[in-house]
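Reader: Hi! Could you walk me through this one in plain words?
Author: Happy to, just ask as you go.

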Amino acid sequence: MNQNQNTIATEEAYSNLPVGAQEAIQKVDVALQKVHAITATGYAITNQIAQTVVEVKQMQLAIQQMDSQVEIICKEYDMRIEKNKLIAPIIQSQLTSYSSQMDQLLKTILEMDPSSKDEEYIRYRSELISTLNGASVNISNMFMNFIMC
């Protein structure tokens, strides 16, 4: 028997049943459709929950990774701070020394006569100005290196 013949035979058997039995079968059919709909809804909800759990786990992993990265960065900065605490007194003493030397050079340069025509005197004054400029550049570089540490 093929599908069509089975359907016709089932319909004939159904129509031969008493009306109360037909109504009961219809109610059972409606109840089965509702059970099917509830089951499909439950399956969809279960899949959504499972997908949500997976996404939450992925977010949790990403948060842990970011937390680890932040911890590493904090440790690096802590090390930089400690390094700067060690270097700061050295740089402070060097800056004080350079500052004193630069003050002395500047005082000497300012006391010199800029209108002098003596070549040796002009060369000496130029060397002092050059030395002052070099010391100023050294201090700037030292300070920039300290800031970059």
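Reader: Which residues make up the largest nonpolar core?
Author: Eight residues do: Met102, Leu105, Ile109, Met112, Leu128, Leu132, Ala135 and Ile139. A nonpolar core is a set of buried Ala, Val, Leu, Ile, Met, Phe, Trp, Tyr and Cys residues joined through side-chain atoms within 4.5 Å. Buried means under 20% relative accessible area, exposed means over 50%, and partly exposed is in between, with a 1.4 Å probe and protein chains only. Please keep in mind that this is a predicted model, where local features need pLDDT of at least 70, side-chain atom pairs count only at pLDDT 80 or more, and totals for chains, interfaces and linings use all residues. Residues are numbered from 1 along each chain as its sequence is written, and side-chain values use heavy atoms, with hydrogens and water left out.

Reader: Which elements give two or more residues to this core?
Author: Helix 2 (19-111) and helix 3 (119-148) do, and helix 3 gives the most, with four residues. Helices here are DSSP runs (H or I, at least four residues; strands are E, at least two), numbered from the N terminus.

Reader: OK, new topic. How many residues does helix 2 have, and how far does it reach?
Author: Helix 2 has 93 residues and reaches 129 Å from its first C-alpha to its last, close to the expected 138 Å. The expected span is 1.5 Å times one less than the number of residues.

Reader: Where does helix 2 bend?
Author: At Ile87, by about 35°, with the proline Pro89 following within four residues. The bend is the angle between axes fitted to the seven residues ending there and the seven starting there.

Reader: And which residues of helix 2 are buried?
Author: Gln22, Asn84, Ile91, Met102, Leu105 and Ile109.

Reader: What about Val19, buried or exposed?
Author: Val19, which is in helix 2, is exposed, with a relative accessible area of 56%. Ser99 is also found in helix 2 and counts as partly exposed at 34%.

Reader: How far is Ser99 from Ala135 in space?
Author: They are 8.9 Å apart, C-alpha to C-alpha, and 36 residues apart in sequence.

Reader: Which residues of helix 3 are buried?
Author: Leu128, Leu132, Ala135, Ile139 and Met142. What covers them includes helix 2.

Reader: What does Tyr121 touch?
Author: Leaving aside neighbours within four places in sequence, Tyr121 is in contact (heavy atoms within 4.5 Å) with Met112, Asp113 and Ser116. Tyr121 is in helix 3 and is partly exposed, at 25%.

Reader: Last one: which residue lies over the face of Tyr77?
Author: Arg80 does, at 5.1 Å from the ring centre. A charge sits over a ring if NZ of Lys or CZ of Arg is within 6 Å of the ring centre and within 35 degrees of the ring normal.
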